Amino acid sequence: MAPEYALWGCLTYKADVYSFGVLALEIAAGKSNMTYRPNEKFVCLLDWALVLQKQGKLKEVVDATLGSNLNEDEALRMLNVVLLCTSPSPALRPTISAVGNHV
């Protein structure tokens, strides 16, 4: 659920972009955003991904079962788009049509 809706009940046209980002993150990671917590420091998968991005370790988010089938550059590009889509501010999220241009 987009933060602006969860916190203030304000549904923006970019709420779908946020949802797309969360879904794409869950697919790339092979984990649920709501139930995955690598440890007590993190509240969800997205929280963990943001920290890994700041540490330069974003590829750790990718589902390990992909193994040698993984194109690392494509995975990192997708994860960076995911994090752009899940910005807490709707003004900083791309439009859904612009997301296709990033991927």
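The largest nonpolar core has 22 residues, and those touching the most other members are Leu25, Val61 and Leu79. A nonpolar core here is a set of buried Ala, Val, Leu, Ile, Met, Phe, Trp, Tyr and Cys residues joined through side-chain atoms within 4.5 Å; buried means under 20% relative accessible area, exposed over 50%, and partly exposed in between (1.4 Å probe, protein chains only). Two or more residues each come from α2 (15–29), α3 (45–54) and α4 (72–85), with α2 giving the largest share, seven residues. Helices are DSSP runs of H or I with at least four residues, numbered from the N terminus.

The model is predicted: local features need pLDDT of at least 70, side-chain atom pairs count only at pLDDT 80 or more, and totals for chains, interfaces and linings use all residues. Residues are numbered from 1 along each chain as its sequence is written, and side-chain values use heavy atoms, without hydrogens and water. The mean pLDDT (the predictor's confidence in each residue, from 0 to 100) is 89 for the chain, and 97% of the residues score at least 70.

Beyond four places in sequence, Leu79 touches Leu25, Ala28, Leu58, Val61 and Val62; contact means heavy atoms within 4.5 Å.

Thr86 lies in the loop between α4 and α5 (96–102). This threonine is buried, with a relative accessible area of 5%. Leaving aside neighbours within four places in sequence, Thr86 is in contact with Tyr18, Gly21, Val22 and Leu46. A polar atom of the Thr86 side chain lies 3.3 Å from the backbone oxygen of Leu83.

Key. A polar contact is a pair of N or O atoms within 3.5 Å; within protein, one must be able to donate a hydrogen and the other to accept it, and residues adjacent in sequence count only if both atoms are side-chain atoms.
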